[in-house]
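Please read it with the coordinates open.

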Amino acid sequence: MKLKIGITGQSGFVGRHLYNTIGLYPVLYEKIPFEKSYFQDDNLLDNFISNCDVIIHLAAVNRHSDPSTLYTKNVELSRKLYASLLRTNSKAHVIFSSSTQEEIDNPYGKAKKESRELLTQWALKAGTKFTGLIIPNVFGPFGKPYFNSVVATFCHQLSHNEDPKIDLDGELKLIYVSDLVSEILNTIHSDSTGNIKITHTHQIKVSGILALLNSYKTDYGIAGIIPSFKNTFELNLFNTFRCYMDLKNHFPVKFKKNVDPRGAFVEIIRLNVGGQVSFSTTLPGITRGNHFHTRKIERFAVIKGKAIIQLRQIGTMNVVDFYLDGEEPSYVDMPIWYTHNIKNIGEEELYTIFWINEFYNPEDPDTFMETV
């Protein structure tokens, strides 16, 4: 039987990643949509709660100029959820997203701690499961700059040719958003209840983050070189950076075509990381792709014929079109969580070279079908 999962804060940074990831496993899960307006209407909130086997409470106010309002708003959201759980006699497994700031004497941390304790009391009375997750700093694609994390802020600034500044060069304990999502999904299937402290996956100074991002801008953003990665954190940071780039104006990137009496020579890719290269021909009118990746780096290089490459971020309706012509060989790189395709729009065969940064593994292909 499918688990019916609802996420308060579904439209937020972590909520959107969690909602999209759950959608990759339709055999296991059914998504119960949530909207912010439900907190303003008891009937809508009760209907949402009644339909859920699992409720992941992510909704929160993370920033506010007035500390007392920051506290009040967060506690208010949890109290509204608590009241709805009581009204509906819910037996759902509630998972609450708290923060390491619980350990700090500030309004946000106090609100998170009080909310967690309130929902713990409800679960004891209702005789059902409750899990409170203490979460470190989260980073990843599509985070809101000046709001979600310093990583999002730096990526935004660098992609807009701004000069990031470091106010305090502290040591950050970080977890990538996809790793956090995996932890949450594991919690759904775990028998353990109570409070769980999510372990950070990497620790680095703010200056170290900025140095890496600056190198990605120089090597990749300007020179088109795929960097090497010392660890998974660096790969995740690179994929995060790519999602903040101005895709419409950056791609397609034209190659340098060298012509002499023998013919033409084009250098396709410079990389400090491995992977595999493939070559394909595509007949006129045929489309390849219509899938997306959650971790892979992929390049489509058109060397002969005419093509349209389309990208659409998962969960949005905005399609970006790129037109490529083999007369001027060029490439487009595929950001993670963007479904993409390539279509031959010419009258001759299309020649395309594909590069991806890891070998294809049929047991873990990281390839999810979705039409652009």
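1. A term first. A crossover is called right-handed if, with the strands pointing away from the viewer, the path from the first strand over the helix to the second runs clockwise. By that rule S6, helix H5 (residues 150-159) and S7 form a right-handed β-α-β unit. Note that this is a predicted model.

2. The strands of that unit. Strand S6 (residues 137-139) pairs with strand S7 (residues 171-176) in the parallel sense, over three bridges. Phe 139 has Tyr 176 in S7 as its bridge partner. S7 is also joined to strand S9 (residues 202-205), by four bridges, and these two run antiparallel. Here the bridge partner of Lys 173 is Gln 203 in S9.

3. The loop between S6 and H5. Which residues here deserve a look at their backbone angles? Phe 142 sits in this loop. Its phi is positive, about 75 degrees, although Phe 142 is not a glycine. Tyr 146 is found in the loop between S6 and H5 as well. Tyr 146 is a residue other than glycine, and its phi is positive too, near 65 degrees. Buried or exposed: which is Phe 142? The cut-off for buried is under 20% relative accessible area. Phe 142 has 18% relative accessibility, so it counts as buried.

4. The cavity. How many cavities of 30 Å³ or more does the count give? The count comes to one. The largest cavity has a volume of about 30 Å³. Phe 142 belongs to its lining, together with Arg 16, His 17, Asn 20, Gln 313, Ile 314 and Trp 337. Helix H1 (residues 13-22) gives the largest share of this lining, three residues. By class, the lining has three nonpolar, three polar and one charged residues.

5. The second largest pocket. This pocket holds about 440 Å³ of space. It is lined by 22 residues, and the closest to its centre are Ser 178, Ser 182, Thr 294, Arg 295 and Asp 366. Two or more lining residues come from each of helix H6 (177-189) and helix H8 (232-242). Which element gives the most to this lining? H6 does, with six residues. The lining of the second largest pocket has nine nonpolar, eight polar and five charged residues.

6. Five strands lie in the order S17-S16-S19-S14-S21, with antiparallel pairing. Strand S17 (319-325) and strand S21 (368-369) are at the edges; each has a single partner strand, so one side of each is left without a neighbour in the sheet. S17 pairs with strand S16 (residues 306-313) in the antiparallel sense, over seven bridges. In this pairing the bridge partner of Ala 307 is Leu 324 in S17. When you follow side chains here, bear in mind a general point. In a regular strand the side chains alternate between the two faces of the sheet.

7. Another open sheet. Five strands run in the order S10-S18-S15-S20-S13, and the pairing is antiparallel. Why does one side of S10 and of strand S13 (276-282) lack a neighbour in the sheet? Both stand at the edges, each with a single partner strand, so one side of each is left without a neighbour. S13 is joined to strand S20 (residues 350-356) by seven bridges, and the two run antiparallel. Ser 278 stands opposite Phe 354 in S20.

8. A buried aspartate. Asp 333 lies in strand S18 (residues 330-334). Its relative accessibility is 1%, so Asp 333 counts as buried. Which side chains does the side chain of Asp 333 contact? One is that of Tyr 220, by a polar contact of 2.6 Å. Another is that of Arg 299, by a polar contact of 2.7 Å.

9. A cis peptide bond. Which residues does it join? The bond lies between Phe 251 and Pro 252, with omega about -5 degrees. Pro 252 is in the loop between helix H9 (247-250) and strand S10 (253-254). S10 is one of the edge strands in point 7.

Notes
Residues are numbered from 1 along each chain as its sequence is written. This is a predicted model: local features need pLDDT of at least 70, side-chain atom pairs count only at pLDDT 80 or more; totals for chains, interfaces and linings use all residues. Side-chain values use heavy atoms; hydrogens and water are left out. On a 1 Å grid over the protein atoms alone, a cavity is a set of points where a 1.4 Å probe fits but cannot get out, and a pocket is an open set with protein on both sides within 12 Å along at least five of seven lines; lining residues have an atom within 4 Å of a point. Grid points are joined across faces, edges and corners, and a volume is the space filled by probe spheres set on the points. Ala, Val, Leu, Ile, Met, Phe, Trp, Tyr, Cys and Pro count as nonpolar, Asp, Glu, Lys and Arg as charged, and the others, Gly among them, as polar. Two strands pair if DSSP finds at least two bridges between them. Buried means under 20% relative accessible area, exposed over 50%, partly exposed in between (1.4 Å probe, protein chains only). A polar contact is a pair of N or O atoms within 3.5 Å; within protein, one must be able to donate a hydrogen and the other to accept it, and residues adjacent in sequence count only if both atoms are side-chain atoms.
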